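Please read it alongside the coordinates.

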Amino acid sequence: MLDNLMLGFQTALTPENLLWCFVGVFMGTVIGVLPGLGSTTGVAVLLPLTLAFEPVTAVIMLAGIYYGSQYGGTITSVLISTPGEAASVVTTLDGYQMAKQGRAGAALAIAAIGSFVAAIISLVLLILLAPPFAQWALKFGPPEMMAVMVLGLATIISFAGDNRLLGLLMALVGLLIACVGVDTGSGTARYTFDSIYLLSGIPFVEVMIGLFAVGEVLNQIHEGAARPIRAGFRELMITKADLLRSRGAILRGSFLGFAFGVLPGAGSTLASFMAYGIEKNVSKNKAEFGKGAIEGVAAPEAANNAAANANFVPTLTLGIPGGATTAVLLGAFLMNGIRPGPLLFDEQPELVWGLIASFFIGNVILLLLNLPLAPVFAQILRVPYGYMYPLILLTSFIGAYSVTNSMFSVWVVLIFGIVGYFMKRLDLPMAPLVLGLVLGPLFEKALVQTSAMGDGSLAIIFERPIVMVVLGLALLQVVAPAIFSRLLRGRRAAATESVQ
């Protein structure tokens, strides 16, 4: 294994591959900053540029765009509450609050550090466990994926805040929005009102841009122009206390992100939501979540990056894309005469290990680029908001239009921007709605496939041990907070009686 890794570094450290690795991660960061583009679009658009490259150079550059965009999406999430990537939605919850408190630099720095640590951990796991993890992932059929989606929906408890009933209601609204489009089981149109634009459903990226970016701008305009943040340079820097608070969150997010990234279809978005929910449950600073907890940035960012790297496990070992971006990358492999599968590691070790080694190099480049620049990026908040609002709106609408090259996307952003504004005014939680919107299509697809496997019955889930374990975890996540809360109240009551 060490010989293979040495071969990989020899391949990745050639001047040409090193140059294009840098170009890839830099372009990925820029693409991640632009709302609506994302890693999938970025890789697809820049794919033709790599046709003249050597195969190993081409995949190194395209992979760099993929994981570079993961961090790029964090920048706008923290600074202007505009997620550049779907997986960066969760980062807005606490990252933007930290920015409003003058701690944008610390939020961006912990995101860079968390992403780097998660990348190293996930790459070590990728090297050691890729074949067995791939075989394990093969056991996850539709029933197992349905159970994973139920576990994801159970995290709504963590996002709902004090009013869990309201959080559940918002999640159901998200699931209802996800139902728009063609029914997975029958192929008939639902809630489309005879509009051809709605046949493919209400697009998630446009909804996300509207709710967070446009909704925030409208809310800020209603409240009146706030003064630009005038935090000193020292306040923009990350502190030792921040690192100590975040280390557990980064480690937990890294391992959780890798586990979810290995599963085809689960992806970085679900991993980041799950990491945030778990961190909120185990943290000693629960009250700070949603108000600027640095763990709320560290955990999802670590999970996001770890899942992005773990997506390559099924892609390389089985030829099964782990997500949308790795599906495009799989096409790039085939265009370059590379056939991913169990024999790839033996037949083309120079390419596979060169790609894996480039992940290490690319993440070091990202850390060296973004960690020193975190306070510099944070200086954007010094710009008067009267100048920033038009720029944010323009970027949001251009980003939305670029997704489909259609004005329909712009209208979706505008409509959900108004929805987001009223949600902020009424203090309705957005995270459960977004989680329902993310998991709705995945849950429905897995549910229909599971029902088909059982000839119309879901009883098949009782024959699958993995399903029962995952559903047990989901049930525990729902009932555990109530049990612990009741036990805590009982102890407090007993302590009060003993004092009296």
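Ser406 sits in the loop that joins α19 (385-404) to α20 (407-425); helices are DSSP runs of H or I with at least four residues, strands are E runs of at least two, and both are numbered from the N terminus. This is a predicted model, in which local features need pLDDT of at least 70, side-chain atom pairs count only at pLDDT 80 or more, and totals for chains, interfaces and linings use all residues. Residues are numbered from 1 along each chain as its sequence is written, and side-chain values use heavy atoms, with hydrogens and water left out.

**Ser406**
- Ser406 counts as buried because its relative accessibility is 17%, the limit for buried being under 20% with a 1.4 Å probe and protein chains only.
- A polar atom of the Ser406 side chain lies 3.1 Å from the backbone nitrogen of Phe408.
- Leaving aside residues up to four places away in sequence, Ser406 touches Tyr197 and Tyr401 (heavy atoms within 4.5 Å).

**Chain**
- The chain has 22 helices and two strands.
- Of its 500 residues, 54% count as buried.
- Of the contacts between residues at least 6 apart in sequence, 78% join residues at least 24 apart.

**Largest cavity**
- The largest cavity holds about 60 Å³ of space; a cavity is a set of points on a 1 Å grid over the protein atoms alone where a 1.4 Å probe fits but cannot get out, and lining residues have an atom within 4 Å of a point.
- α18 gives the largest share of the lining, four residues.
- Among the lining residues are Tyr71, Phe116 and Asn305.

Key. Buried < 20%, exposed > 50% of the residue type's maximum accessible area, 1.4 Å probe, protein only. Polar contact = N/O pair within 3.5 Å; in protein donor to acceptor, adjacent residues only side chain to side chain. 1 Å grid on protein atoms, 1.4 Å probe; cavity = no way out; pocket = protein on both sides within 12 Å on 5 of 7 lines; lining within 4 Å. Points joined across faces, edges and corners; volume = space filled by probe spheres on them.
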